[in-house]
Amino acid sequence: MYNNLSEVDPFSETPMEMPGEQEPGEGDDEVIVEESPKNNVEINTVSKAAYAEPLTPEEIQWFYKDGVDKRWNEFCGYDSLRIERIYRERQSLISESNDGTNGLPPAEKIVVRGGMYDVDIDNMKCVSIYWPGEEWEIMRGIWYYDGSWIPLETEHSKVIEEVHLKLFQKDSNNQSITTCDTNTPQSYKGARFTLFILLIFLNLYNAHVYVDVLHTEQFPEFHVDWHSVNDVTLYSEYTPTKLMRSVTSKLGFAKTTGYRLKRGHKTRTSMEDKPRDIDHLVFVVHGIGQKRDTGKIIRNTTCFRDCVGWLRQKYFPNSKHRVEFFPVEWRSSLKLDGDIVDAITPYSVLSIRHLLNTSAMDILYYTSPLYGAEVRAGLQKELNRLYFMFASRHPGWQGKVSILAHSLGCVIVYDIVTGWIGPDTRLPCPQAQEVLLQGLQFPIENLFCLGSPLSVFLALRTRTPSNRLDVMPQSLCKRFYNIFHWSDPVAYRMEPLLERGYSKIEPVLIPPYGGVDDQQMPQSPSSLNNVDPPLPPTVTETDDKDDSPVDSPPNRNAEKGWSLWDLVRGGWNVREGPSSPTPDSNPPIRPGQELAQRLDYVLRAVGLGRNYLYTVTAHTAYWNNYDVAYFVLTRLFPTLET
């Protein structure tokens, strides 16, 4: 029942809200209009206000549609108000110009989302500032579906707003709502008083009110009916016609349904609603496969950024920290062989060959003495470019910088940070050599490696491990995290490379996001054997049946992913015996052999986490994993959990 009576005094034009009054249709996605089952009375409802005024900037909300979820997201109040100001100024200039936007200079760019994007009002686009290729649609929200507050499309909202103001704007020549003046006859005032009492009576007896349609606006897929200034309803064209709605409603065997529309956003925008300054910058580096899809790293970074943002809002809403993730796309700028590989590719099974040429070929390029330096120089140049561009737009910035790398990107970043050159038989081109000599122009706080094969590359470069303190000196990077999933076939452990005894010790299990209080207790992959379908043993997995939970004593489970690796590297030294270590041949960790900090962190395996079919997607499943996002967030800002 609608409690929308507001004119308590029928002899006054001043609206007064009744106690406990509720907005018409508040909290409902649909408005249902039907005949009263009690007394069959049809009458127009009394609206709150007799006229409508143009919306103020604070009542307008601007939106952007990201490239991942394809849904409309709100700009913060600070951004929305500045966009609205430029929009109104632009519309004023266009209305004064006889040639539209042709004779006008380009509109002023509005920097939004904490300095990450520019808004182009002329093209209604939101464009990334630091990296090319990311472009979103923007929309001016005026009319919304009640309850869900999803905005109507711009062209529809514009027409509905024009019609609404034409119908109800004060002093309009076509005003459809009659207002009383001070010279209203007493008899008419009495009639209004009687009408008011009748409406209260209908409310008390829960009578349904049928509202006459003042105006209907047709659209290709729907139409909009105006019942009053505060009662506007959208009906799909797939629903019965207005005549059928009226007839079936009177007969009482069908309901007329529609979607109530709301004008103006539910919350007023404010200049105080603005993002905090960035105090931690994270560069996100991709691995192989970017040549085939140059926008993939942008989408993955957006997905990871959204995960971190959701977790921050849910678990740390009062945090004053802000982290921003920059995608680093280094593959498209490289010339390498000049497409010679494509020229020598036979015209058979082209889809498979093209997949290999645009993905796995990156590994061969990087391990090549001819092109390895060019790859490192390309990534290093892009990292320095992004950092200097950010620093130039944020003078005096004193924040920290970390790197989040995936797959082959972990190896390239490691070599850049440590200055590894490799056994190149020829010097790189002068341009690449000059870039490499400069090095990174900023210190690194953390290096997060996702699905990293770095330890395999390091093992293949030397038969004897280097001093473990030299693998990643803290002077170059304060903390190193090797994050992987049990089923990721590309990822390998790092700790046994530095101290063989760690092959008997489980990697650190990453807990579920938000802590164990909110979710199921984490499980070791070994505790899920009873839910995985039985599979034949392989060279790399012969002792699955001996797996035990994480808290159990060291066992063979810690070495399962290393048999293939041992076969590839051939052991540290020939005298060490078998390449596949056993619990008897591996020495335990003795005092003085412990690593100063743990390096290997494994994701919990749930459901089909260890099924062989899952290995197809395990290597790329880090970007939308909330456990990884929570782990990274709390390592960037350790004080969040204290």
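User: How many nonpolar, polar and charged residues does the lining of the largest pocket have?

Analyst: Keep in mind that this is a predicted model. Start with a tally by class. Here the lining has 16 nonpolar, 12 polar and 16 charged residues.

User: How much space lies in the largest pocket?

Analyst: About 1400 Å³. The pocket is lined by 44 residues. Nearest its centre lie Y64, R113, G309, R312 and Q313.

User: Which element gives the largest share of the lining of the largest pocket?

Analyst: Sort the lining by element. Helix α5 gives the largest share, with 11 residues. At least two residues each come from β2 (61-65), β3 (72-74), α1 (77-96), α5 (296-315) and β14 (323-328). Then look at domains. Domain 1 (57-144) and domain 2 (276-515 + 594-640) each supply at least three lining residues.

User: How do I read a salt bridge, and which side chains meet E89 in one?

Analyst: The idea is simple: side chains of opposite charge can pair when their charged atoms come close. The cut-off here is a Lys or Arg side-chain nitrogen within 4 Å of an Asp or Glu carboxyl oxygen. E89 pairs with R85, at 3.2 Å from N to O. The two residues are 4 apart in helix α1, so about one helical turn separates them. The count for the model is 19 salt bridges.

Methods: Residues numbered from 1 in each chain as written. Predicted model: local features only at pLDDT ≥ 70, side-chain atom pairs only at ≥ 80, totals over all residues. Heavy atoms only, no water. 1 Å grid on protein atoms, 1.4 Å probe; cavity = no way out; pocket = protein on both sides within 12 Å on 5 of 7 lines; lining within 4 Å. Points joined across faces, edges and corners; volume = space filled by probe spheres on them. Nonpolar A, V, L, I, M, F, W, Y, C, P; charged D, E, K, R; others polar. Domains from an automatic or database assignment.
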